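This report describes selected parts of a two-chain model in running text. Please look at the sequence and the structure first.

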Amino acid sequence: MNALATPPKNFEVKPKLAANGEELGELLEVSMGPHHPSTHGVFRMDVVLDGEKVVKLKPVFGYLHRNHEKIGENISYLANMPYTDRLDYFCSMTNNWAYALTIEKLAGLVVPERAEYIRAIMAELTRLQNHTCLIGFFVQDMGALGTPMMYAFREREKILDLFEEVSGARMMCNYMRFGGVRVDVNDEWIAKTKKVVADYSKFLDEFGTFLTENEIVLARTQFVGVLPKDLAINASITGPMLRAAGVNYDLRKVDKYGIYSRFNFQVPVGEHGDIYDRYMIRVLEMRESIKILEQALRDIPVGPVMDPKAKLRGFRPKAGEVYGRVEAPKGELGFYVISDGSPNPYRYRVRPPSFINLTILEDMCLGHNISDAVVILGSVDIVLGEVDR
Amino acid sequence: METLEQIKARLEAALPSAKIEVLANECAAGERSLLVDAASGFTVAKFLRDDAQLKLDYCSNVTGVDWPDKELTEKIKVKQVVDGVEKEVEEVKKNIRPGYLEVVYHLYSMGLKHGPVVLRLRTENRADKTHLPSLTPLWRGAEFQEREVYDLYGVIFYGHPDLRRILMWDEFVGFPMRRDYIAPDDFEYEPTPHDEVLVEAKKHYPAEPKAEVKP
């Protein structure tokens, strides 16, 4: 690690020459996206191909850019909460939590016990549905059109029903508040959630029998898109991608935010850092999430769900700055807020995990076929609402 | 982890030319930060990354902040002679703090699992001297984030391998996250032929039919 990190490859692409100076075929420049079904949204890759091999790949962003940070600076702290739903629209609950946690750190609010449990339950349910869908999408990228994704969406729908019942919205939940959560859950909801969680491992077993040892999945994913450990740390990769590369770094264990120190769960860590490890880490993480959910649903206490000191209207935290982060399903989601004592933040910044995880996309794709580049992108797990902000 | 004062003392011993300051933070969580002068920014960051006790191998977050010129008012007591009697009179003195752009790095250690150390670099002004050293050669993770700061704030990072606009389009003029940026009425304005262009264009049109002359 003492040497300077390798600079990103930005070389000039030249056609290969034979011994007599004649060109051996042409390089083909392909603009993949922004309306390509495999790019998971409006993402574009400028790819240069030698035959089918990728020799250069530059990601191009900004098709969904709406300057989320500027919007956040022009409205009040609370009014920004629904905007955070739209960052990673698969995981609005964890986005809410990250933002609420940051502002709580800034204003020194204490979250009641029951609200902490509800938050952990919501975050783990979010992780379950995000990872399930991701596996569905990425198997679709390998050519299994439709069926696995429909299985995944069937399960996701059950979790979205739970979200809808408690927050009123399936995806844009807008559920958490500074110092707690918006509405309490009832016993009926907890009973329903227990049932969904109990059935989930059965679904994972079923999904696993189709995919984990599937010959095509093995052939397409093992030793493809390998990410070395040193590069993963140096390039600020977080989330399942980092842990697949063999680094044991999970913010639920490192920061112990919320009440994660009370739960008994493990952090799965990969060995090779290839796509298959990334797939496997997500499956194992879902199993750990189920463990956390079982414990949380068992232990959830009775009590208030909002800090009585929390002020929703006319909320003006003291001047200062704070950086808060949580382990979102896609990696470390951080919010950096500078307050100048006014009702709006002076500076509001989002640290989007999937945007930064794309830094090493080119490194992983070089030398692989164009069809592998699609699968590698699928295994990074990006959502463009968050990448472009 | 060591306190910021200890880190500062060790930094000053190792790099005597660096000017380092610990900035206070008065909010509830109160993470303080290290302000380093731009010239020694790179060497300080390299020290923080390679030092055996700190090992800050993970650059989590890079943020640009805009601080425009600010008028600071100060009340000073001045002795004045009014009607032959000496009196203390309060006078308001106005100073203008010149504006600058700031880049904030949040550094953690993945190996030792501690952090954050918050590192701040400031440009000389907001207009023409907006250069800062890039830390991308130390942490690849800063690559896209520094491009974003360049794109939205206009900080020019020297030593960055690929400094281009990232979220806005290449032809875009201005830096939209600055406090004094005013958005145009229409981003997608495309001029239609008028004035000189129209005159030029008319050459290609068939001549207008002349008014009918009655016999």
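Which strands make up the open sheet of chain A, and in what order? The open sheet has 3 strands in the order S6-S7-S8, with antiparallel pairing. Strands S6 (320–328) and S8 (347–351) of chain A are at the edges with a single partner strand each, so one side of each has no neighbour in the sheet. On average, neighbouring strands of this sheet are turned by 10 degrees against each other, direction ignored.

The model is predicted: local features need pLDDT of at least 70, side-chain atom pairs count only at pLDDT 80 or more, and totals for chains, interfaces and linings use all residues. Residues are numbered from 1 along each chain as its sequence is written, and chains are lettered from A and ligands numbered from 1 in the order in which they are written.

Some terms are needed here. Helices (H or I, at least four residues) and strands (E, at least two) are DSSP runs, numbered from the N terminus. Two strands pair if DSSP finds at least two bridges between them. In general, strands of a sheet pair through backbone hydrogen bonds, either parallel or antiparallel.

| Strand pair | Bridges | One bridge pair |
|---|---|---|
| S7(A) and S8(A) | 5 bridges | Tyr336(A) and Arg349(A) |
| S4(B) and S5(B) | 13 bridges | Val81(B) and Glu86(B) |

S4(B) and S5(B) form a hairpin with 2 residues between them. In the turn, Asp83(B) has a positive phi of about 55 degrees. A residue is buried if 20 or more other C-beta atoms lie within 10 Å of its own, exposed if 12 or fewer, and partly exposed in between, with C-beta atoms placed from the backbone. Of the 13 residues of S5(B), the number buried is 0, so this strand lies largely in the open.

Helix H14 (residues 370–380) of chain A, by contrast, is mostly covered, with 9 of its 11 residues buried. Among them are Asp372(A), Ile376(A) and Val380(A). After H14(A) comes Asp381(A), whose phi is positive, near 70 degrees.

The two chains also touch. The contact takes 43 residues from chain A and 35 residues from chain B, where two residues are in contact if their C-beta atoms, placed from the backbone, lie within 7 Å. On the side of chain B that touches chain A, strand S3 (58–67) and helix H3 (142–153) of chain B are the elements that give two or more residues. S3(B) gives the most, with 6 residues.

Note on methods:
Axes are lines fitted to C-alpha atoms, for helices over the stretch in contact, and angles run from 0 to 180 degrees between N-to-C directions.
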